[in-house]
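Colleague: Would you take one part of this model and go through it closely with me? I would also like to hear how the rest of the chain is arranged around it.

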Amino acid sequence: MSDTLQLTVDFDVDAYLRRIGWEGERRADSATLRGVHLAHVRSIPFENLDALRRTAPSLDPVDLMAKLVHGRRGGYCYEHNTLFACALEALGFGVTRLAARVVVGADRIESRPRTHLALLVEVPGDPQPYLADVGFGAVGALLEPVPLAAGVEFRDAGRRHRLVHVPHDGPLEMWLLQAYEQVKGDWADQYAFTLEPFEKPDFEVINWHIGTNPRSPFTQRLYIQRVTPERHLLLHGPLLTDTRVDGTVVEREVTGEAETRRLVKEEFGIDVPEGMRLLPG
């Protein structure tokens, strides 16, 4: 039995759908794909608590179910998108894992390694594949999947995205996801990728690097994100940033370990592991 088929057989899709609050259809169609994607993003937070302890989180579906579905925890991109891929496959979608270069703030695409997991999803009977991604920890993240089409603006649950082609030296086309920034009134690069399939062992290595390397951004500071219909809430170290749907941004410093733990539990819905400190000191 193939790995993909085994995951589909073993995956508890009922528990997953309860976790994200999805009560709609379970058909492998574009409407279900959009609905489940949005429900996931709004239900399971992005967080790096394991990496903050210099521990690479398990990507085994059983462990992901225990942590993200049955536990009051979230995860980062490898966990979110591995879990989401398992759910999509159980629902009858075709899924290809892609490795992307996060280029937020970068001068050159080539200056960043491929450290992000995104998904290319095929809907039965639809010739148009979709870019799906429930694990990008940024305010420019997709809320719904977008068709893989260059130069077209998509409005996904209130956000604006587009995919463009960018020149590079490789044999495959390079795609770039961009998000529209309301405050600046311009498009901002998010991540770049080709359509080369990557496999589970590839992401096991990347996950270990990002989760344990002392130079990784996720091993140095707390990084937690939650998305609701009204706001994008980010706690990065002691800085709490609240971005509203109209583009308004409010920032404040969180004062101390006790308030940080309260925010993580009450605002982000995460149970902090016993004995773990969230802020240096």
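Modeller: Happy to. Strands here are DSSP runs of E with at least two residues, and helices are runs of H or I with at least four, both numbered from the N terminus. Please keep in mind that this is a predicted model.

With that naming, let us start at a loop: Gly158 sits between strand S6 (153-156) and strand S7 (159-166). Is Gly158 buried or exposed? Its relative accessible area is 65%, and anything over 50% counts as exposed, so Gly158 is exposed. Ala157 belongs to the loop between S6 and S7 too. With a relative accessibility of 32%, Ala157 is partly exposed. The backbone of Ala157 deserves a look: its phi is near 55°, a positive value in a residue other than glycine. Arg54 gives you another such case, with phi near 60°. Arg54 is in the loop between helix H4 (49-52) and H5, and at a relative accessible area of 42% Arg54 is partly exposed. To place Gly158 relative to another part of the chain, take Pro57: the two residues are 101 apart in sequence, and their C-alpha atoms are separated by 32 Å.

Now follow S6 and S7 into the sheet. Eight strands make up this open sheet, with antiparallel pairing, in the order S5-S4-S3-S2-S9-S8-S7-S6. The edges are S6 and strand S5 (146-147), each of which pairs on one side only. Helix H7 (residues 200-212) packs on the sheet and touches S2 and strand S3 (114-122), its direction making about 140° with that of S3. S2 and S3 are antiparallel and share eight bridges; in one of the pairings, Val95 has Val121 in S3 as its bridge partner. Strand S2 (residues 94-102) is also joined to strand S9 (residues 186-193), again antiparallel, by three bridges. There, Val102 has Tyr191 in S9 as its bridge partner.

On to the helices. Helix H5 (residues 61-69) packs against helix H6 (residues 77-91) at an angle of about 110°, and their axes are 10 Å apart. Angles of 65 to 115 degrees count as roughly perpendicular, and so H5 and H6 are roughly perpendicular to each other. From H5, the contact involves Pro61, Leu64, Met65, Lys67, Leu68 and Val69, while H6 brings Glu79, His80, Thr82, Leu83 and Cys86. By type, the residues of this contact are seven nonpolar, two polar and two charged.

In soluble globular proteins, nonpolar side chains tend to be buried together. In this model the largest nonpolar core has 47 residues, and Tyr16, Tyr78, Leu83 and Phe84 have the most contacts inside it. H6 supplies the largest share of this core, with nine residues. Which residues does Tyr16 touch, leaving aside neighbours within four places in sequence? They are Phe11, Val36, His40, Met65, Val69, Leu83, Phe84 and Ala87.

Note on methods
Residues numbered from 1 in each chain as written. Predicted model: local features only at pLDDT ≥ 70, side-chain atom pairs only at ≥ 80, totals over all residues. Heavy atoms only, no water. Axes fitted to C-alpha atoms, helices over the stretch in contact; angles between N-to-C directions. Parallel < 35°, antiparallel > 145°, perpendicular 65-115°, else oblique. Contact = heavy atoms within 4.5 Å. Nonpolar A, V, L, I, M, F, W, Y, C, P; charged D, E, K, R; others polar. Buried < 20%, exposed > 50% of the residue type's maximum accessible area, 1.4 Å probe, protein only. Pairing = 2+ DSSP bridges. Core = buried A, V, L, I, M, F, W, Y, C linked by side-chain atoms within 4.5 Å.
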